[in-house]
Amino acid sequence: MNDLRLLRSDPARARKGVADRGGRSSEALEKALELDGRHRALLVEVEALRAKRNEASKAIGAAKAAKDEAKAKALMDEVARVKAAMPAKEAELSSLDSGLRDLLLGIPNMPQDCVPVGRSEADNRVVRADPEPAGPGFPLKDHAALGEARGFMDLDAGARLGGSRFAVLKGAGARLHRALGQFMLDTHIRANGYTEVWVPYLVRPEVLEGTGQLPKFEDDLYRTASSGTDSAGPLYLIPTSEVPLTNLVRGAILEEAALPLKFTALTPCFRQEAGSYGKDVKGLIRQHQFDKVELVWVTKPEESGKALEELTAHAAGILSALGLPHRVLELCTADIGFSACRTYDLEVWMPSERRWREVSSCSNCGDFQARRMNARFRRTAGGAPEFVHTLNGSGLAVGRVFAAVLENFQRPDGSVAVPDPLRPYFGAQTLQP
């Protein structure tokens, strides 16, 4: 959630931020500024009535003590008139407050000044890129065809079990997939200093609201038909472990010495892909269920810029270690996610398509999520709490990296060489049926 005081104090900057993102929230921003003005004016009026009621109530006692019944009666009549006027005004105030919050929940984070302004993903900036590899000199298969031909991927079985956008991995395929996830997780824990966390895969609505998935992206979420036994609403399957990991600091006031916090988890993720009809139906690129290693940072505001560079380097380090050609993009204002104020994407080379495919998105969310979660820290004992900054990134999407390994390390005979770092996890140098 954006800081309402900043929107109010510099509406021109807020309007530019929304416009640079594509302008889809311009109407919500204008309505929020209007409601804020009405809310503040009415609040002044309500506070004045409360003060008048309190003063008159005190004066009644003094009038009675002085045995001035007429004055006491006049004061009591005044208090009664004020009390009669209060409920309607307080109800209107509450309605304005609720409406304003709903509008603010739908306004995206304001991009940082350093984010390149653009109108679409075509305006994203390449920060670093490996050279595009030359063809291998033999007919390539895409990862789905290769996996099915060698018997370690069964897309038909996935469709029979769950419908489109599901897959079954068997034998060596399942083992390689597991090896990738474990290698990523161990690297981030041992080399990069993250704390491993095992989290619920079902979460409350307010938890998704805290990281920005609700209410904006409800159509992409899987919601249970019934609530948890102690939940006021339905439970949702997590679209990413960013959601529970970031909410670990929900409602907390942390000590400065505890920061930064660095969390990681390997979990399944569940997405309806409501806006991707017809895209990447074949293979593992766009699934309703997929595994992902997530990286989450909780930092002080002045350190979040450096943290984004480190987090991105940690994710990119996995691709470098595996020997996968990749590149780093800085996303333009029109392409960054709803909760982000700055984002880098990592893309890996897919030889069968001769194109780059996203395997990670690393974002600095500033205090946007922290405001929604009321997550704060204190610099000194007794000091005023400040909102933390949160960051997140995939480290990495296991299925997409699995697909990239198959395509980049396939051999003419249909076997796949296993990258060196995976061999202790996989148990062999070559992936065979």
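A residue counts as buried when its relative accessible area is under 20% and as exposed when that area is over 50%. By this criterion, F338 and F368 are both buried. The structure described in this report is a predicted model.

**Aromatic pairs and charges over rings**

Across the whole structure, a search finds six aromatic pairs. One of them is formed by F338 and F368, whose ring centres are 5.7 Å apart and whose planes meet at 80°, so this pair is edge-to-face. Because F338 belongs to the loop between strand 11 and strand 12 while F368 belongs to helix 11 (residues 368-373), the pair ties together parts that are 30 residues apart in sequence. Ring pairs also bring in F217, which forms a cluster with F338 and F368.

Rings also take part in arrangements with charged side chains. The charged end of R175 sits over the ring of F426, at 4.2 Å from the ring centre. Likewise, the charged end of K262 sits over the ring of Y194, at 5.0 Å from the centre.

**Strand 11 and its partners**

Strand 11 covers residues 326-330, and four of its five residues are buried, so the strand is largely enclosed by the rest of the structure. Strand 11 runs antiparallel to strand 1 (residues 125-129), to which four bridges join it. Within this pairing, R128 stands opposite V328. Strand 11 also pairs with strand 12 (residues 342-350), again in the antiparallel sense, over five bridges.

In soluble globular proteins, nonpolar side chains tend to be buried together. The largest nonpolar core of this model has 50 residues, and those with the most contacts inside it include L180, L324 and L396. Helix 10 (residues 304-322) gives the most to this core, contributing eight residues. What does L324 touch, if residues up to four places away in sequence are not counted? Its contacts include D130, L319, V348, V401 and F409. Another core, of 23 residues, lies apart from the largest one; V18, L29, L96 and L100 are among its members.

**Cysteines**

How many disulfides does a search of the whole structure find? The search finds zero. For C332, the nearest cysteine sulfur is that of C114, 13 Å away, and C332 is in no disulfide. C332 is buried, with a relative accessible area of 0%. The sulfur of C365 lies 6.8 Å from the closest cysteine sulfur, in C341; a disulfide requires sulfur atoms within 2.5 Å, so this distance is too far for a bond. C365 is also buried, at 2% relative accessible area.

**Backbone features in loops**

K67 has a phi near 60° and lies in the loop between helix 3 (26-65) and helix 4 (69-105). R165 has a positive phi of about 70° and is found in the loop between helix 6 (155-162) and strand 3 (168-169). Are these residues buried or exposed? K67 is exposed, with a relative accessibility of 69%, whereas R165 is buried, with a relative accessible area of 7%.

Note on methods
Residues numbered from 1 in each chain as written. Heavy atoms only, no water. Buried < 20%, exposed > 50% of the residue type's maximum accessible area, 1.4 Å probe, protein only. Helix = DSSP H or I, 4+ residues; strand = E, 2+ residues; numbered from the N terminus. Pairing = 2+ DSSP bridges. Phe/Tyr/Trp six-rings, centres within 6.5 Å; stacked < 30°, edge-to-face > 60°. Lys NZ or Arg CZ within 6 Å of the ring centre and 35° of its normal. Core = buried A, V, L, I, M, F, W, Y, C linked by side-chain atoms within 4.5 Å. Contact = heavy atoms within 4.5 Å.
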